[in-house]
Structure formats: C-alpha cells, structure tokens
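Trainee: I am new to this structure. Please take one part and walk me through it closely.

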Amino acid sequence: MDMTPKGLAPGSTDTAGASSRWIAPLLAVAVAVAAAGAGYFGWQAKTQRDEAARQVQQDAADAERRTAEANAAAAAAVAAKARAAGAQAERERAEIASAQQALARAIEEEEALARKNPQ
C-alpha cells in the first residue's frame, strides 16, 4: 500500500483534514471582522458622545449669549427710559424757567405802568 505524505492510501479522501485546514483561517478572519466591527462601533459611539457634548456646550453658549443680549436690551431700555425721563424733566424745567421769566417781565411791566400812572 502506497502512502501519501499524510499517511493516506492513494485515492482516499481526507475530508476531515481538508475542512480543518480552513477552520483556522476562517476563524481568524471572523475574529478580525468582529474586532474591526467592535472597533468601528466603539469609535462611532465615541463620536456620538463627543458630538452630544459639543452640542450641549454650544447650547449653553447660545443660552448665555441670548441672556447677555436680553440683559443688554433691558439695560438699553432702562437707559432710554432714563434719558426720556431726563429729557422730560429738562423740558419741564425749561418751561418753568420760561414761565418765571414771563411772570417777571409781566411784574416789571406792571410796576413800570404803576410808576407812570400813580393813582
């Protein structure tokens, strides 16, 4: 009986040996694919967490900016009211001064008439 290098008789088939030759490479490929998939999904999850954290920071910055804008608008409104009140007070002071001057002129005119026409 002539033996092949594997110790098999000529013409016989070694199906168990043929399938065992493919198990290790296929298993290695499967492990590599699983590791790559786990790495990809881990990277994807980290990217999503980073994006969520960036979005939270952006939202906080936007809220802070809106608050600052609202505060600035409120301060501007208060300043405008103060300016308007100051302008109104100034107009009232000018009106009072004008009325006082008119009254003083009227009094002077009355006194001048009284001096001209003593009765």
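Mentor: Ile23 is exposed, with a relative accessible area of 53%. Exposed means over 50%, buried under 20%, and partly exposed in between (1.4 Å probe, protein chains only). The model is predicted: local features need pLDDT of at least 70, side-chain atom pairs count only at pLDDT 80 or more, and totals for chains, interfaces and linings use all residues. Residues are numbered from 1 along each chain as its sequence is written, and side-chain values use heavy atoms, with hydrogens and water left out.

Ile23 sits in helix α1, residues 15-116. Helices are DSSP runs of H or I, at least four residues, and strands are E runs of at least two, numbered from the N terminus. The protein has 1 helix and 0 strands.

A salt bridge puts a side-chain nitrogen of Lys or Arg within 4 Å of a carboxyl oxygen of Asp or Glu.

Now the wider surface. Of the protein's 119 residues, 1% count as buried.

The structure holds 6 salt bridges. One of them links Glu51 and Arg54, at 2.7 Å from N to O. Both lie in helix α1, 3 residues apart, about one turn.
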